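Please open the structure in your viewer and keep the selection tool at hand. The tour below goes from stop to stop, saying at each one what to select and what is there.

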Amino acid sequence: MSRVSLIDPATATGVTADLLARTKSTLGVIPNMAKALAHSPAALEGFLGMFAALKSGALGTGDQERIALAVAEANGCTYCLSAHSQVARNAAKLSDEEILAARQGRSEDPKSAAVLRLVTAILFTRAHLDDTQFAAARQAGLSEEEIVEVIANVVRNIFTNYINEALAVDVEWPLVTPLTGSPIPA
């Protein structure tokens, strides 16, 4: 059970009602995470702004979902693993094999694999990349725009992982739990 109440969009008023309506317009649904975030209009506004900006960025939906899955797995976030497995399958059209691979920091696609190697390095060095890790991303063909967006997507997903885990937000998606064993290696 969520540690904070989930704000009902039908009874929300003022800026909170407007932000929840914007959530539905942006995401197509109002997930429980947004209903929890709505306690802070500033936090929900921040999430929606970053989501919208990155959605139209250089990284495609498939790589954004791969990043979300890798970050959620590393952080053990059941809510985000569940939500992003659903989105990866239905919106990004990733296969079950590719979803599992992304959770493990891998991909059959060479460019996506490079994205996930960078994600893993960012996560497990807390963004203290060494020159070799950064050079590897460039050598794999990632542009400076894509590198910056990989970092931004990692941060956005850490934010949602932490919100969902700290607030124990109720999962409304088909349940996906973290893999057993250690998180993806650096």
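How many residues does helix α7 have, and how far does α7 reach from its first C-alpha to its last? Select α7, residues 110-125: this helix has 16 residues and reaches 22 Å from its first C-alpha to its last, close to the 22 Å expected at 1.5 Å a residue, where the expected span is 1.5 Å times one less than the number of residues. Helices here (H or I, at least four residues) are DSSP runs, numbered from the N terminus.

Before going further, note that this is a predicted model, in which local features need pLDDT of at least 70 and side-chain atom pairs count only at pLDDT 80 or more, while totals for chains, interfaces and linings use all residues. Residues are numbered from 1 along each chain as its sequence is written, and side-chain values use heavy atoms, with hydrogens and water left out.

At the start of the helix, select D109 and K111, where a side-chain oxygen of D109 reaches to within 3.2 Å of the backbone nitrogen of K111. Just after the other end, R126 takes a positive phi of about 55°.

Move on to A127, in the loop between α7 and α8, which has a positive phi of about 75° although it is not a glycine. Most residues other than glycine have a negative phi. A127 is partly exposed, with a relative accessible area of 48%.

In helix α8, residues 131-139, select A136, which is also partly exposed, at a relative accessible area of 37%.

**The nonpolar core**

Which residues touch the most other members of the largest nonpolar core? Select L20, L44, I67, V119, V150 and V154, which hold that place among its 46 residues; such a core is a set of buried Ala, Val, Leu, Ile, Met, Phe, Trp, Tyr and Cys residues joined through side-chain atoms within 4.5 Å. The elements that give two or more residues to this core include α1 (14-27), α3 (41-55) and α9 (144-166), and α7 gives the most, with seven residues. Centre the view on L44 and, leaving aside its neighbours within four places in sequence, look for its contacts with L19, L20, T23, A34, L37 and A38.

In helix α3, select F47 and F51, which are four residues apart and therefore separated by about one helical turn. Both F47 and F51 are buried. Their ring centres are 5.9 Å apart and their planes are at 35°, so the pair is tilted; rings of Phe, Tyr and Trp (its six-membered ring) pair if their centres lie within 6.5 Å, with planes under 30 degrees apart counted as stacked, over 60 as edge-to-face and the rest as tilted. A search of the whole structure finds one aromatic pair.

Next select C77 and C80. No disulfides are found in the whole structure, a disulfide being a pair of cysteine sulfur atoms within 2.5 Å. For C77, the nearest cysteine sulfur is that of C80, 3.5 Å away. C77 is buried at 0% relative accessibility, and C80 is buried at 2%.

From there, go to N164 in helix α9, which counts as buried at 2% relative accessibility. Apart from its neighbours within four places in sequence, N164 is in contact with M33, C77, Y79, C80 and V169.

**Around α6**

Finally, select helix α6, residues 96-103, whose buried residues are E98, I99, A101, A102 and R103. Their cover includes α4 (61-75), α5 (78-90) and α7. Just after α6, G105 takes a positive phi of about 80°.

Terms used. Buried means under 20% relative accessible area, exposed over 50%, partly exposed in between (1.4 Å probe, protein chains only). Contact means heavy atoms within 4.5 Å. A polar contact is a pair of N or O atoms within 3.5 Å; within protein, one must be able to donate a hydrogen and the other to accept it, and residues adjacent in sequence count only if both atoms are side-chain atoms.
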